[in-house]
Amino acid sequence: MKRIVVLGAGYAGLRVVKQLTHAKVDAQIVLVNKNPYHYESTQLHEVAAGTKQPADITFDIRPLLARKRNVEVIIDEVTRVDQDARKVELKNGEPLDYDYLVNALGFESETFGIKGADENGWPLIDIETAVAARKHLESTLANYRRSHDVNDLHIVVCGAGFTSIEYLGELVHRLPRLAKEYGFPMELVKVDCIEAAPKILPMFEPSLSAWAVKYLERKGVTFHVATPITEVRPGAVVSNDTEFPANTIIWTTGVHGSHVIADSGYDQKRNRVVVEDDLRIADHPDQFLIGDVSAVPNPGNGRLYPTTGQISIAQADAAAANLASLLRGGKTKKFVFKPLGTVCSLGPGAGIASIDMMGHWKLKGSKVSIVKKMINDRTVLELANIRTMLESD
Ligand code: NAD
């Protein structure tokens, strides 16, 4: 019996396992994941802002997958893929042989080598970092009563991508409650968002991004565009000659793929590998790369699609179908991606959305929260809750 090894239990990896079991493939499926749980990476900013608890966005993958006949789960850290020997090397366990590999190891924080970013910024990339960012935020705000240092009430959010904007929405929602709880004056709180690009949320129509910016500004956020961060010091973010003092610095300037990609000798850029049109890689057709470790060219414009939950899940469906076909002696099909739209939340009661389904819809305000509830993963318009994704057979 062939053995398919799937690396990573994020949206992409879990979805592949689900689709392979639904397709009743005649193969052993081994899922390797660092933690015994899956976390919803699109909701980490809520844990970091304290509007959700880790338990709200995590679940144990083992009980769900234990019911699947041909699925084995290994909790271990992947350190390297020996592509020629077809082996996955693990931190603790013995190397794993594979006939087919689905590499869905996901993302890590990107610092672009900026001095001090690793040491002084709080990234939001997994449960541990989101919880650490929340604890730091709360203890720093609480410390003001003793320190009377206004920098304890200054927060800088680095970058204005989706993660930053969604975090800001949750943060400004929670701050008034934190002020009451920890007894600090709201009027001394300062929230700066520093962005290198000249525009905020350029992927939305200007009317929607302008609405989102105004919404957050009204709630106390100051945006600084065309302001590239050049250094992060303890207690300050620096952009050339300007310093933004703050004792809480949230580092959300983007992501790159897992370091295992570079460590395994893939032909990569920022730990993302450009895949063939069937999601395999040219020199190792026994491997599919999906999610944030992959880069998919958009045939419309030749540029790479941005990494999102939506494309990860679409890739997982296509990779699983291609694997099932190969196992039956068939051929693979081209991956065709039809983006269904984008939703950006601005805290629990608001957001903006641009949806391409049965026409083009531009939405803003509280109705976006309803859309968000319906779709759960904010980039994905077709999915049910991730828990039910595995439970239904
Ligand atoms: P991102 O790359 O989307 O945004 C990072 C931002 O930081 C960019 O605007 C960039 O210009 C800015 N930046 C980078 N270096 C800088 C510097 N030195 N100084 C100042 N600004 C700097 O990253 P993200 O927000 O972490 O998102 C990662 C991926 O996940 C993206 O592809 C995103 O689309 C996706 N995502 C989507 C959603 C959603 O659809 N709702 C939510 C979260 C994440």
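Are Phe-335 and Phe-337 buried or exposed? Both residues are buried, a term that stands for under 20% relative accessible area, with exposed set at over 50% and partly exposed in between (1.4 Å probe, protein chains only). The model is predicted, and local features need pLDDT of at least 70, side-chain atom pairs count only at pLDDT 80 or more, and totals for chains, interfaces and linings use all residues. Residues are numbered from 1 along each chain as its sequence is written, and side-chain values use heavy atoms, with hydrogens and water left out.

Phe-335 and Phe-337 also form a stacked aromatic pair, with 6.2 Å from centre to centre and 15 degrees between the planes. Rings of Phe, Tyr and Trp (its six-membered ring) pair if their centres lie within 6.5 Å; planes under 30 degrees apart are stacked, those over 60 edge-to-face and the rest tilted. Together with Tyr-305, the two Phe residues make up one aromatic cluster.

By this rule there are four aromatic pairs. One of them joins Phe-162 and Phe-204, whose ring centres are 6.0 Å apart with planes at 65 degrees, so this pair is edge-to-face. Phe-162 belongs to helix H6 and Phe-204 to the loop between strand S13 (190-194) and helix H7 (206-218), so the pair ties together parts 42 residues apart in sequence. Helices (H or I, at least four residues) and strands (E, at least two) are DSSP runs numbered from the N terminus. Phe-162 is partly exposed at 27% relative accessible area, whereas Phe-204 is buried at 4%.

Helix H6 (residues 162-182) also packs against helix H5 (residues 127-147), at an angle of about 35 degrees and with the axes 11 Å apart. The axes are lines fitted to C-alpha atoms over the stretch in contact, and angles run from 0 to 180 degrees between N-to-C directions. Among the residues that meet, H5 supplies Arg-134, Leu-137 and Glu-138, and H6 supplies Tyr-167, Leu-171 and Arg-174; contact means heavy atoms within 4.5 Å.

The largest nonpolar core has 56 residues, of which Val-5, Val-32, Val-88, Leu-279 and Ile-290 touch the most other members. Such a core is a set of buried Ala, Val, Leu, Ile, Met, Phe, Trp, Tyr and Cys residues joined through side-chain atoms within 4.5 Å. Helix H9 (residues 309-327) gives the largest share of this core, nine residues. A second, separate core of 45 residues includes Val-47, Ala-130, Ile-155 and Phe-184.
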